[in-house]
Amino acid sequence: MTAPLDGVKVVDLATLFAGPLAAAFLGDFGADVVKVEHPAKPDPSRGHGPAKDGVGLWWKVLGRNKRTVTCNLSDPQGAALLRRLLADADVLVENFRPGTLERWGLGPDELHAVNPRLVIARISGFGQLGPYASRPGFGTLAEAMSGFAAATGEPDGPPTLPPFGLADSVTALAAAYAVMLALRGRDLTGRGQVVDLAIIEPIMAMLGPQITWYDQLGYVQPRLGNRSNNNAPRNTYRCADGRWVAVSTSAQSIAERVLRLVGRPELIDEPWFATGSGRAAHADELDAAVAAWVAKRDRDEVVTAFEAAQAAVAPVYDVRDILADPQYAALGTVATVPDEELGQVRMQNVPFRMSATPGEIRHAGRRHGQDTDEVFRALGVTDDELAALRARGVI
């Protein structure tokens with residue numbers, strides 16, 4: 001079966017985490033992704049988080065479907081080698097601090113002189129221009145500066161950061177989308193272009209109408225814990241067995257079903273119950289009603305009762321629950337991927353399904369520089385040249 005990105009060559013120069021994940025998304029749908037790492041300084045994600053037998057597990061996810069080569073781009077011979085690699089490439093993904101590639105003679109003007117059809121995706125903390133452009137930037141800073149942390153956490157608690165790379169992951173999706181738009185644009189114009197992604201922006205785009213609220217009303221989104229200022233009841237509730245469920249009542253009909261289920265139908269007749277904002281203003285009373293009912297029942301009983309009442313509920317899962325859940329199994333959400341070092345490894349699958357051209361994780365992240373000789377030989381580099389480059393520390 002032909003994948004939609006068969007024949008698309010992507011060169012991934014990026015590290016930690018948005019750029020590599022964006023390139024992985026492209027590789028999931030058939031792109032030939034060549035991951036370029038420094039010979040002596042591998043992508044730091046290889047050492048992030050838990051490892052098994054010295055093998056970093058996060059890298060197995062970020063490095064999936066990629067061939068791996070090493071090249072020191074700051075060395076003129078390494079820069080020359082990259083230009084040869086990019087001569088027939090379709091996409092370059094990079095996340096160096098702005099100005100770094102230009103300093104090495106690898107800026108967009110130089111690269112488009114070699115390959116005018118190249119799409120260059122530049123991912124950085126603050127973008128390629130503006131007063132913060134030269135600052136080091138990471139997803140944590142974007143989670144802070146976007147408004148996410150300020151609106152997350154308990155009302156009387158501190159701003160709260162996520163325990164994973166949220167801003168990087170959102171940026172990765174945005175980058176993959178932007179690359180596809182740029183490739184479509186190339187179909188129309190015949191020329192590549194530069195995509196400038198600042199990590200502070202995509203996560204802000206996901207945060208709803210906070211800017212419009214402030215612009216029109218002077219309203220600043222407060223921290224509400226698990227509650228919402230748009231509707232209630234909306235929270236997590238502890239069950240009798242110590243497990244938790246989440247309840248949402250974004251729709252009026254769902255809110256009514258929940259209150260009937262928990263034995264408080266009289267609240268439905270209150271004038272304030274008729275709107276989401278009215279219910280949100282009485283969240284204490286509604287939460288108390290739902291929490292009292294849930295606290296007397298085990299989680300499975302709660303979920304069964306809510307489903308029978310056609311009310312919206314979900315168990316609060318950790319990874320053990322995810323792997324045992326029949327819905328995720330039916331969707332194929334978790335893939336078992338072959339790997340030379342670990343034998344097999346499970347990871348999140350491609351995040352959506354396509355009926356005619358589905359994505360696929362063909363292999364997990366490969367060893368540092370595993371494909372260096374194969375990739376550069378295909379460019380016409382001889383074995384003697386490879387040996388000389390290796391001796392110089394270029395590869």
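Phe17 sits in the loop between β1 (9-12) and α1. Helices here are DSSP runs of H or I with at least four residues, strands are runs of E with at least two, and both are numbered from the N terminus. A cis peptide bond joins Leu16 and Phe17, with omega at about -15°. Most peptide bonds are trans, and most residues other than glycine have a negative phi.

The model is predicted: local features need pLDDT of at least 70, side-chain atom pairs count only at pLDDT 80 or more, and totals for chains, interfaces and linings use all residues. Residues are numbered from 1 along each chain as its sequence is written, and side-chain values use heavy atoms, with hydrogens and water left out.

Another cis bond runs from Ala232 to Pro233, with omega near 0°. Pro233 lies in the loop between α9 (210-217) and β9.

Now look at phi. Asn65 is not a glycine, yet its phi is positive, near 60°. Asn65 belongs to the loop between α2 and β5. Is Asn65 buried or exposed? Asn65 counts as buried because its relative accessibility is 3%. Buried means under 20% relative accessible area, exposed means over 50%, and partly exposed lies in between, using a 1.4 Å probe and protein chains only. Gln310 also is not a glycine and has a positive phi, about 55°. Gln310 is in the loop between α13 (299-308) and β11. Gln310 counts as exposed because its relative accessibility is 56%.

Step back to the whole chain. It is divided into domain 1 (9-206 + 351-392) and domain 2 (234-316). These bounds come from an automatic or database domain assignment. The C-alpha centres of domain 1 and domain 2 lie 44 Å apart.

Strand β9 (residues 235-238) pairs with β10 in the antiparallel sense, over four bridges. Two strands pair if DSSP finds at least two bridges between them. Thr236 has Ala246 of β10 as its bridge partner. The hairpin of β9 and β10 has five residues between the strands, and Gly242 there takes a positive phi near 90°. β10 also pairs with strand β11 (residues 313-315), again antiparallel, over three bridges. Here Val245 has Pro315 of β11 as its bridge partner.

What are the two faces of β10 (residues 244-247)? Val245 and Val247 make up the covered face, while Trp244 and Ala246 make up the uncovered one. In a regular strand the side chains alternate between the two faces of the sheet.

Charges come next. Side chains of opposite charge can pair when their charged atoms come close. A salt bridge is a side-chain nitrogen of Lys or Arg within 4 Å of a carboxyl oxygen of Asp or Glu. How many salt bridges does this rule give? The count comes to 28.

Take Arg64 and Asp28. They form a salt bridge, with the closest N and O atoms 2.8 Å apart. This pair links distant parts of the chain: Arg64 is in the loop between α2 (57-62) and β5 (66-70), Asp28 is in helix α1 (residues 18-28), and they are 36 residues apart. Both Arg64 and Asp28 are buried.

Glu341 and Lys60 also meet in a salt bridge, at 2.5 Å from N to O. They link distant parts of the chain, 281 residues apart: Glu341 is in the loop between β12 (334-339) and β13 (343-348), and Lys60 is in helix α2. Glu341 counts as partly exposed because its relative accessibility is 35%. Lys60 counts as buried because its value is 1%.

Glu340 forms a salt bridge with Arg366, and their closest N and O atoms are 3.9 Å apart. Glu340 is in the loop between β12 and β13, while Arg366 is in the loop between β13 and α16 (372-377), 26 residues apart. Glu340 has a relative accessible area of 55%, so it is exposed. Elsewhere, salt bridges that share partners join Asp12, Lys35, Asp43 and Lys66 into one network.

Last, turn to the surface. Which residues form a nonpolar patch there? Tyr317, Tyr328 and Leu331 do, with about 230 Å² of accessible area together. Patches are made of residues with over 30% relative accessible area and no salt bridge; like charges are joined within 9 Å, and nonpolar side chains (Val, Leu, Ile, Met, Phe, Trp, Tyr) within 5 Å. Accessible areas come from the Shrake-Rupley method with a 1.4 Å probe, and for residues only the protein chains shown count as cover. Leu331 lies in helix α15 (residues 326-331). Leu331 counts as partly exposed because its relative accessibility is 32%.
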